[in-house]
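Here is a short report for a first look at this structure. Please keep the model open while reading.

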Amino acid sequence: MMLWTRAMRFSPANPHWLNRDRFVLSAGHGSMLLYTMLHLTGYDLSLDEIRNFRQWGSKTAGHPEYDHAPGIETTTGPLGQGFANGVGMAIAERWLAARFNRPEFDLIDHYTYAIVSDGDLMEGIASEAASLAGHLRLGKLIYLYDDNQVTLDTFAHESYTEDWAKRFEAYGWHVQKVDGMDSAAVATAIAIAQTDPRPSIIGCRTVIGYGSPNKAGTAKAHGEPLGDEELALTKEYLGWPAEPRFLIPDEIGAYFRQAVERGKAFEAEFSHQLEAYSEHYPAEAVELQRFLAGDLPDGWESALPQFAGKPDATRNASGKAINELAKIIPNLIGGSADLAGSNKTTISGQPFVQADNFAAPNFRFGVREHAMGGILNGMALHGGVIPYGGTFLVFSDYMRASMRLAALMGLHIVYVMTHDSVGLGEDGPTHQPVEHLPALRAIPNLNVIRPADANETAQAWRAALLNRDGPTVLALSRQNLPIFDRSAPGMGPADGLLRGGYLFFEQAPNGLDVVLIASGSEVEIVFQAAQQLAGEGVGVRVVSLPCWEFFAQQDDAYRNQVLPPAAPKVALEAAVPFGWERWVGNDPRKGAIIGIDRFGASAPYQRIYQEFGLTAEHVVRQAKALLQP
């Protein structure tokens with residue numbers, strides 16, 4: 001309660017007010033706490049919605065869901081994720097402040113608060129995120145640790161006996177311990193935390209289910225309802241009327257509703273400051289508004305590079321695209337989980353963010369893939385920046401929970417994931433992704449783009465920046481790939497990528513006999529097969545299918561034009577073939593799928609492709625077999 005009535009600055013009448021303090025309920029299983037505070041302080045969340053808790057169509061889901069109700073800043077529930085989101089929010093606040101604040105204008109100036117639990121602190125993602133937060137000295141980050149000594153199953157000490165305070169001190173955090181049942185002590189601790197330049201965590205010793213005669217202080221108060229009988233006993237213990245079931249006395253409602261007028265005053269004060277700022281710094285004010293709206297500058301697409309000449313890896317093309325785009329989109333910021341040299345995520349000639357310099361576009365996330373995913377979510381949720389993060393595609397396993405939540409929330413994030421297949425070669429099966437493409441494609445609202453050459457890669461970045469309603473994976477090659485001459489006869493333009501799949505090449509003067517389909521580095525292979533088949537008089541088409549999600553969004557007419565239903569088809573991808581039946585069909589007389597149904601191997605990639613049958617010769621044999629009468 002202290003947070004909402006005495007510490008935080010927010011405006012229930014305008015939940016998206018720029019300079020509001022952010023609140024994250026990382027312990028998302030306690031969602032009713034958040035819903036209650038939103039209702040009491042005057043957000044547009046009715047008591048009927050409270051009554052409709054966890055029901056179909058309700059705004060009060062079992063765990064808080066971003067934007068389902070005003071005031072919910074992030075989706076939480078998977079423990080540790082909210083902890084990392086808060087770090088990302090604090091990073092975005094600090095970055096925007098470094099760019100826009102001036103000595104006479106602390107325009108961007110707000111805190112990120114969170115309630116975290118034993119479970120949050122046990123999850124590895126929280127340790128990763130806490131370590132980076134301490135390194136960056138995120139002084140506007142204040143977490144209240146609900147130290148209630150209970151987990152879902154049992155007492156916390158059954159599995160959790162470390163000295164959490166010393167751990168956070170070692171991370172570089174400011175640490176306090178208070179009686180969480182003493183509101184004055186909590187308020188004092190928050191005030192002290194606000195003055196410390198380090199991130200703060202306040203251990204609040206509390207009693208879970210306080211007031212329940214038979215369940216207080218036990219796991220039963222964590223994972224199950226009190227029940228009618230225990231609820232009646234609890235109300236009796238607390239001196240609360242037994243009926244009505246939902247009761248807000250007028251004086252209590254009026255006390256909490258003061259937040260509405262306070263919020264309007266906060267907003268008015270900020271509006272005056274923004275008006276004065278705009279007079280002194282008009283260009284910066286316009287840029288800030290554009291950043292916050294999520295808009296891209298006019299003409300930004302002209303910054304996309306065009307490629308020709310010698311073969312190059314798509315990871316290199318991506319790096320060049322990032323560097324050109326960053327010149328015109330300064331809030332495109334990000335980095336890598338200690339793989340920048342491999343992922344090509346660095347904006348050349350620009351500094352890296354450090355505790356004493358946030359006016360930089362490059363980030364070092366360290367070897368913290370999982371935290372990087374959660375932090376990127378927090379940065380995107382805060383607004384004002386377009387974050388990207390890089391690692392090897394195989395390490396998407398570490399990030400999957402965060403990526404899933406980004407897709408669920410519809411966040412504008414770009415994942416730069418290189419070394420996208422067995423084509424990475426000698427590093428072997430530990431680093432060679434085989435199941436990852438279909439696994440990521442299975443996540444709703446996550447767009448997975450695997451470009452075939454440098455120009456498709458530039459278009460992939462175009463698509464990723466245009467796609468503001470969800471995250472995008474760029475799956476990029478380590479090995480060099482040819483840069484195709486799109487002006488040659490029969491070739492299609494690279495911007496066909498924006499539709500997910502397109503006619504890459506066709507030579508069928510006497511009618512189409514077979515369609516060859518591939519993504520990424522395998523487009524070169526099916527193109528070679530197509531040239532051989534065409535030389536033998538076979539009417540052949542090559543379809544590049546870099547993004548299944550975009551292609552599925554096209555109408556039937558376009559999809560049938562690109563992939564004629566009656567035409568035999570051969571698909572090739574250096575990955576587990578799961579899902580290709582969607583495009584090839586299930587009839588083995590009319591379609592064949594060439595993929596990998598085992599882990600990779602340590603060897604030069606050319607030998608791996610040969611051993612696994614990822615060759616033009618194999619594609620030709622499969623095509624000819626389909627054409628047999």
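Predicted model: local features only at pLDDT ≥ 70, side-chain atom pairs only at ≥ 80, totals over all residues.

How many bridges join β12 to strand β14, and do they run parallel or antiparallel?

Five bridges join β12 to β14 (residues 540–544), and the two strands run antiparallel. Across this pairing, Y502 stands opposite S544 in β14.

Both strands belong to an open sheet of five, with mixed pairing and the order β12-β14-β13-β15-β16. β12 (502–507) and β16 (591–594) are the edge strands; each has a single partner, so one side of each lacks a neighbour in the sheet. Neighbouring strands are turned by 15 degrees against each other on average, direction ignored. Helix α19 (residues 522–535) packs on the sheet and touches β12, β13 (514–518), β14 and β15 (569–572). The direction of α19 makes about 160 degrees with that of β13.

## Salt bridges

The structure holds 26 salt bridges. One of them joins E73 and R20, with the closest N and O atoms 2.7 Å apart. The two residues lie 53 residues apart in the chain, each in a loop. Both are buried.

D147 and R205 also meet in a salt bridge, at 3.3 Å from N to O. D147 is in strand β3 and R205 in strand β5. D147 is buried, with a relative accessible area of 6%, whereas R205 is partly exposed at 43%. E93, D109 and K140 are linked in a salt-bridge network.

I248 sits in the loop between α10 (228–238) and α11 (250–280). With 31% relative accessibility, I248 counts as partly exposed.

Methods
Residues numbered from 1 in each chain as written. Heavy atoms only, no water. Helix = DSSP H or I, 4+ residues; strand = E, 2+ residues; numbered from the N terminus. Buried < 20%, exposed > 50% of the residue type's maximum accessible area, 1.4 Å probe, protein only. Pairing = 2+ DSSP bridges. Axes fitted to C-alpha atoms, helices over the stretch in contact; angles between N-to-C directions. Contact = heavy atoms within 4.5 Å. Salt bridge = Lys/Arg side-chain N within 4 Å of Asp/Glu carboxyl O.
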